[in-house]
Amino acid sequence: GRGAPIEDAIDLPEADAPPESGDATDDPTGNSPAGGEYNGLTEYQAAFDALREGDLETCRRKLRELYAQRPNLPPPQMMLARLLLTNRQFASARATLEEIADAQHDHPYLYLLFGKLALADGHVTDAAIHFEKVKALKLPENWTESQTKHLAGQLLAGEIAIAERRGKWDDAARLYQQQITAQPKNAILR
């Protein structure tokens with residue numbers, strides 16, 4: 001087998017969107033398109049809605065508008081790739097990331113998304129390498145503390161998924177405890 005179901009590969013718990021945040025979603029995992037660093041951004045949800053309706057141009061336009069308002073967010077194409085991942089359009093997400101990889105090679109979010117894709121494909125070692133790359137990169141200077149925590153939480157969730165798939169239960173338990181310590185009010189993690 002290829003390990004855990006594909007759903008587990010991208011439904012990593014959001015680092016800064018605990019269930020008590022009041023974020024109304026249709027995703028019971030808490031990993032809605034508007035979760036985490038996008039919490040409360042109606043434009044992002046509108047872009048996701050357009051994508052789900054098959055209107056890629058409106059989705060792209062909404063993401064460009066959002067980025068113009070909030071340049072500390074990942075570039076529009078990276079946000080699009082995340083939406084595609086959330087919508088389980090893995091091939092399109094990979095193609096989008098490959099399109100921007102050269103221009104955005106120093107952005108940690110690029111490698112976070114590639115790592116999630118690797119997990120979705122059952123490529124645990126590739127995922128580990130991508131997550132290590134994220135750790136090695138300098139964070140964008142305009143990121144907020146919330147964005148930094150989100151990235152750290154997503155990396156930790158990715159490391160947990162890797163430990164579980166490799167059957168390293170002691171490592172997984174230790175990493176889960178780190179995640180609980182970082183988010184003590186997150187009932188799902190507890």
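**Entry 1: around helix α4.** I began with Arg88, which comes just after α4 and takes a positive phi of about 60 degrees. I kept in mind that this is a predicted model. Then I stepped back to α4 itself, which spans residues 76-86, and found it mostly covered, with ten of its eleven residues buried. Among the buried ones are Pro76, Met78, Arg82 and Thr86.

**Entry 2: salt bridges.** How many salt bridges does the structure hold? I counted seven. I looked up Arg94 and Asp121, whose closest N and O atoms are 2.1 Å apart. This pair links distant parts of the chain, 27 residues apart: Arg94 belongs to helix α5, while Asp121 is in the loop between α6 and α7. Arg94 is partly exposed, at 28% relative accessible area, and Asp121 is partly exposed too, at 26%.

Next I turned to Lys138 and Glu141, a salt bridge with 3.3 Å between the closest N and O atoms. Both Lys138 and Glu141 are exposed.

Glu145 counts as exposed because its relative accessibility is 57%, and the cut-off for exposed is over 50%. I also noted one network, in which salt bridges with shared partners join Glu132, Lys135 and Glu159.

**Entry 3: rings.** Which ring has the charged end of Lys133 over it? I found that of Tyr111, with the charge 5.5 Å from the ring's centre.

Methods
Residues are numbered from 1 along each chain as its sequence is written. This is a predicted model: local features need pLDDT of at least 70, side-chain atom pairs count only at pLDDT 80 or more; totals for chains, interfaces and linings use all residues. Side-chain values use heavy atoms; hydrogens and water are left out. A charge sits over a ring if NZ of Lys or CZ of Arg is within 6 Å of the ring centre and within 35 degrees of the ring normal. Buried means under 20% relative accessible area, exposed over 50%, partly exposed in between (1.4 Å probe, protein chains only). Helices (H or I, at least four residues) and strands (E, at least two) are DSSP runs, numbered from the N terminus. A salt bridge is a side-chain nitrogen of Lys or Arg within 4 Å of a carboxyl oxygen of Asp or Glu.
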